[in-house]
Amino acid sequence: METQLSTENINKKVKLDFKDSKYATGRRKRSIAKVWVKKGSGIIHVNGKKMADYFQKANLQIAIYRPLTIVKRESEYDVRCSVKGGGLTGQAGAIIHGMARAIVLHEPDLKNTLKKENLTTRDSRAVERKKYGRRKARRSFQFSKR
């Protein structure tokens with residue numbers, strides 16, 4: 001009975017008040033992130049979980065904080081985002097893009113700083129499609145002369 005109660009508390013999504021926030025959408029590969037940014041204490045929630053619980057890799061956690069560290073506002077904004085599609089790296093890239101765009105909406109004078117780091121621009125790189133007559137996008141089948 002007690003274990004059932006504890007698992008319900010773990011799976012429960014966090015309700016956050018984001019009434020006076022700015023919204024932006026970020027995209028990377030196949031991932032789309034909806035990001036809400038408001039003044040706060042520097043807490044980031046992804047899909048109702050804390051960012052450290054959702055992204056366990058340290059390099060992804062550091063990358064997500066990048067827009068805030070560039071503008072030196074690590075502990076001034078709370079971020080809530082819902083992200084879907086793609087893998088973890090693509091989702092992290094989508095969150096970074098959305099956060100940068102939402103910060104620009106909050107403080108337009110930071111646009112040049114974030115634009116120099118290419119955070120407000122969508123990264124258009126994606127997987128190249130497979131071509132017929134080939135094993136992958138560019139790799140050919142093995143050729144045997146004799």
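**View 1. Salt bridge between E76 and R73.** E76 is partly exposed at 34% relative accessibility, whereas R73 is buried at 18% (buried: under 20% relative accessible area; exposed: over 50%; partly exposed: in between; 1.4 Å probe, protein chains only). Their side chains meet at 3.7 Å, N to O; a salt bridge here is a side-chain nitrogen of Lys or Arg within 4 Å of a carboxyl oxygen of Asp or Glu. K39, R73, E76 and E107 are linked in a network of such bridges. The model is predicted: local features need pLDDT of at least 70 and side-chain atom pairs count only at pLDDT 80 or more, while totals for chains, interfaces and linings use all residues. Residues are numbered from 1 along each chain as its sequence is written, and side-chain values use heavy atoms, with hydrogens and water left out.

**View 2. Strand 2 paired with strand 5.** Strand 2 and strand 5 (residues 77-84) are antiparallel, with eight bridges. Y77 in strand 5 is the bridge partner of K39. Strands are DSSP runs (E, at least two residues), numbered from the N terminus, and two of them pair if DSSP finds at least two bridges between them.

**View 3. Hairpin of strands 1 and 2.** Seven bridges join strand 1 (residues 22-28) to strand 2 (residues 31-39) in the antiparallel sense. G26 lies opposite A33 of strand 2. Two residues separate the strands, and K29 in the turn has a positive phi of about 50°.

**View 4. Salt bridge between D123 and R125.** The closest N and O atoms are 2.8 Å apart. D123 is partly exposed at 24% relative accessibility; R125 is exposed at 57%.

Conventions: Helices (H or I, at least four residues) and strands (E, at least two) are DSSP runs, numbered from the N terminus.
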